[in-house]
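Hello,

Here is the structure I promised to pass on to you.

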Amino acid sequence: LKTPTFDNWQWEDAEIMVLLQVMYTDLDFISTFNIELDVMQQFLYEVYRRYNNIPFHNFKHCFCVTQMMYGLIWLTDLRSKMDSIDLLIMLTSAVCHDLDHTGYNNAYQINARTELALRYNDISPLENHHCAVAFEILEKTESNIFRNLSTEQFKRIREGIIKCILATDMTRHTEILNKFKALLPVFDFSNKDNRDVLMMIMIKVSDISNEARPMDVAEPWLDCLLQEFFNQSDMEKLEGLPVTPFMDRDKVTKPSSQTGFIRFVLFPLFIELANLFPCLELNSNDEEIHCVKNLKAKDTTGKTTVFRHLSVLRFWPILLPCLLSSNIQNTHLSVYFITRQTFASVDFSYHEYI
Ligand SMILES: [Zn+2]
């Protein structure tokens, strides 16, 4: 459960609820914050109920994001650097971050002038809504896992959860990443503003971490995502609204959707987190390996080139454009970018795509 190789597809929703409870128990939240078990379970059940049965932004996505957050907390040994309230904020934000997602993104909400866009004046309508639903659940005594905390503690948690969930609006990606980059050289765990930005980065990383999972876990998620995207663009066409280009079934393919995303969004973000936590990156003394292993690239002439042991995080942004420009037809590439702890593997089979 603590590693990113965890396969969510093996578990039913009822079991997933138990796994979420295990995370709260394992991080000592149950005892530290005096959370009654029936309240914990009622909270998780309400959360489960308020995720919609849609292709991507569903309860299983909530679980994956939370599980990645949980894994990151252990891997980076965050328990020795931040207090339990911060960790509780991070885990609970992950659990709640897409509550009642409708399957249509903010651009659609705004263009279609939906109820959410009206209510939140076009400002992160979805994220504001996810967060409001979270606190609706926490308003009910029987599902308020924070009910035994002091007013001050609750206030801090509420502020933290709001910050984290609102940070998952991808239109704020560059703003948040730049803030984090600026802090990195002088990052100070004892400084609250620094910690706040880190918490936002952590939930962002967790939110888009599917591609950092093993291929057989990650790929079905891509299908789910594209299905949700296509549903939206179909609806946009039907209603005569502007069609979001990366969701258009006539324009998007699996590789085109992945390569740009990994290159311009995922990697730049993951690299900065690894700058703060070198344990997430390679250890050059570690034989086990942490590199691009056995990259076999076959070009159109049938010539195969084998790259061995390229260190990954640093090389990837250079490597990918080369791969894409050289008409590679059959490439299986396994990237392990975290040493023994196997934090994550990025595993791409381009032969299916290109
Ligand atoms: Zn999400």
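Let me start with a question: in which helix is the place of aspartate 207? Aspartate 207 lies in helix H11, which covers residues 192–207. Helices here are DSSP runs of H or I with at least four residues, strands are E runs of at least two, and both are numbered from the N terminus.

Before going further, two notes on the model. This is a predicted model, in which local features need pLDDT of at least 70 and side-chain atom pairs count only at pLDDT 80 or more, while totals for chains, interfaces and linings use all residues. Residues are numbered from 1 along each chain as its sequence is written.

**Overall**

The protein has 14 helices and 5 strands. Of its 354 residues, 34% are buried. Buried means that 20 or more other C-beta atoms lie within 10 Å of the residue's own, exposed means 12 or fewer, and partly exposed is in between, with C-beta atoms placed from the backbone. Contacts are pairs of residues whose C-beta atoms, placed from the backbone in the same way, lie within 7 Å. Among contacts between residues at least 6 apart in sequence, 70% join residues at least 24 apart.

**The annotated residues**

UniProt, in an unreviewed entry, lists His57 for "active site". For "binding site", the unreviewed entry lists His57, Asn58, Phe59, Lys60, His61, Asp98, Asp207 and Gln258. The UniProt positions are in the numbering used here, feature names are shortened, and the annotations may be inferred rather than shown by experiment.

I looked at three of these residues.

- Histidine 57 is in the loop between H3 and H4. Histidine 57 is buried because 24 other C-beta atoms lie within 10 Å. Leaving out residues up to four places away in sequence, histidine 57 touches Asp98, His101, Gly103 and Glu228.
- Histidine 61 is in helix H4, residues 59–75. With 22 C-beta neighbours inside 10 Å, histidine 61 counts as buried. Not counting residues up to four places away in sequence, histidine 61 touches Phe56 and Asp98.
- Aspartate 207, in H11, has 20 C-beta neighbours inside 10 Å and therefore counts as buried. Apart from its neighbours within four places in sequence, aspartate 207 is in contact with Val65, His97 and Thr168.

**Helix packing**

Two packed helices are described by the angle between their axes and the distance between the axes. The axes are lines fitted to C-alpha atoms, for helices over the stretch in contact, and angles run from 0 to 180 degrees between N-to-C directions.

How do H1 and H4 pack, and at what angle? Helix H1 (residues 13–26) and H4 have axes 11 Å apart, at an angle of about 25°. That makes H1 roughly parallel to H4; the classes are roughly parallel under 35 degrees, roughly antiparallel over 145, roughly perpendicular from 65 to 115, and oblique for the rest. The crossing of H1 and H4 is left-handed, a term for a near helix turned anticlockwise from the far one by less than a right angle, with right-handed used if clockwise.

H11 is packed with helix H10 (residues 173–183): their axes come within 10 Å and cross at roughly 130°. That makes H10 oblique to H11. Ile176, Lys179, Phe180 and Leu183 of H10 meet Asn194, Val197, Met200, Ile201 and Lys204 of H11. This crossing of H10 and H11 is left-handed too.

Helix H8 (residues 125–139) has 15 residues and spans 21 Å from first to last C-alpha, close to the 21 Å expected at 1.5 Å a residue; the expected span is 1.5 Å times one less than the number of residues. Among its buried residues are Pro125, Leu126, His129 and Cys131. The buried residues of H8 pack against helices H3 (37–49), H5 (84–96), H6 (106–111), H7 (115–119) and H9 (151–166).

**Around cysteine 279**

Cysteine 279 is in the loop between H13 and strand E1 (291–298). With 15 C-beta neighbours inside 10 Å, cysteine 279 counts as partly exposed. Cysteine 279 and threonine 76 are 203 residues apart in sequence, yet 6.9 Å apart in space, C-alpha to C-alpha.

Best wishes

Notes
Contact = placed C-beta atoms within 7 Å.
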